[in-house]
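This report describes the folded arrangement of a single model for a reader who meets it for the first time. Please look over the sequence and the structure before reading on.

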Amino acid sequence: MASRLGNADEVFFTGHETGIFLPHHGIYASALALQQNINACEVLGKKVFLEKTPKHVHVIDRIKWVSPGALIVLMIRNPLDTCASLYERFGDLNYAIERWCMDAEAAVRAKSRFEDLIVVRFEELTASPDQVLERLYGRLGLVWNPEVVKGGRTKYDFVGLSGNMELRRRQVSEEIRQNPGRGELLFSESQRREVYRRTQWYAYQLGLSETGNSTRL
């Protein structure tokens, strides 16, 4: 999603995870780094600074302290397919489940604290990319361009990436499309039960089922 938002002419997006709001930087350093990026926006004639670091889900309170007017887009995805993706990358099911649960706990906490949070379900994005992205463009004050849904070059192509980020660069250059049932295909029945057992509470709190369909809260 960040790659598509980052392709808008009005957006300054560096194409890599900056981590500028993570705690080891300190509040002053985070504020300084943010201001430097805002200055770059102004110099380049851009109106929006876009930043994507998945670990920032754990420090949304710090982001809001440094920049109270920041618009935060929170992407959520069903645990089975997310764990499948993490398992393919790291080869450790226990790590995959713990990672999803940790991020989901932070997402639940953020949803309860910040009413202006923009929550997007991954399954909704892949099912209706035009509608979801046009809505996001509107919230960010950007001019909608249907061409961004199609595959092609993104800002990730202009930075040096390696390992998992190089894989991510290739993935985001493709056209947005549905890829359901990844976890169903990858995991055994016992592995799926383990994912369901350990993620079900957070999935319910986020309005997700384990396989991607919405649940009623």
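Against which helices do the buried residues of H4 pack? They pack against helix H5 (93-113), helix H9 (182-186) and H10. Helices (H or I, at least four residues) and strands (E, at least two) are DSSP runs, numbered from the N terminus, and buried means under 20% relative accessible area, exposed over 50%, and partly exposed in between (1.4 Å probe, protein chains only).

The model is predicted: local features need pLDDT of at least 70, side-chain atom pairs count only at pLDDT 80 or more, and totals for chains, interfaces and linings use all residues. Residues are numbered from 1 along each chain as its sequence is written, and side-chain values use heavy atoms, with hydrogens and water left out.

**Helix H4**

Helix H4 (residues 79-90) has twelve residues and reaches 16 Å from its first C-alpha to its last. This is close to the 16 Å expected at 1.5 Å a residue, where the expected span is 1.5 Å times one less than the number of residues. At the start of H4, a side-chain oxygen of Asn78 comes within 3.1 Å of the backbone nitrogen of Leu80. The buried residues of H4 are Pro79, Leu80, Asp81, Thr82, Cys83, Ala84, Ser85 and Leu86. Just after H4, Gly91 has a positive phi of about 70°.

**The cores**

A nonpolar core is a set of buried Ala, Val, Leu, Ile, Met, Phe, Trp, Tyr and Cys residues joined through side-chain atoms within 4.5 Å. The largest one has 39 residues, and those with the most contacts inside it include Phe21, Cys83, Trp100 and Phe187. The elements that give two or more residues to this core are helix H2 (27-44), helix H3 (60-66), E3, H4, H5 and H10. H5 gives the most, with ten residues. Apart from this core lies another, of 18 residues, among them Phe13, Val48, Val132 and Leu136.

Leaving aside neighbours within four places in sequence, Phe187 is in contact (heavy atoms within 4.5 Å) with Leu80, Cys83, Ala84, Tyr87, Leu93, Arg192 and Val195.

**Cysteines**

| Residue | Relative accessible area |
|---|---|
| Cys83 | 0%, buried |
| Cys101 | 13%, buried |
| Glu194 | 26%, partly exposed |

The side chain of Glu194 makes a polar contact with the side chain of Arg197 (3.0 Å). A polar contact is a pair of N or O atoms within 3.5 Å; within protein, one must be able to donate a hydrogen and the other to accept it, and residues adjacent in sequence count only if both atoms are side-chain atoms. The C-alpha atoms of Glu194 and Leu93, 101 residues apart along the chain, are separated by 9.3 Å.

**Helix H7**

In helix H7 (residues 129-139), Pro129, Val132, Leu133, Leu136 and Tyr137 are buried. They cover an arc of only 135° around the axis, which puts them on the same side of H7; the arc is that of the directions from the helix axis to the C-beta atoms. On the other side of H7, Gln131 and Gly138 are exposed. The buried residues of H7 are covered by elements including helix H1 (2-6), strand E3 (73-76), strand E4 (118-121) and helix H6 (122-127).
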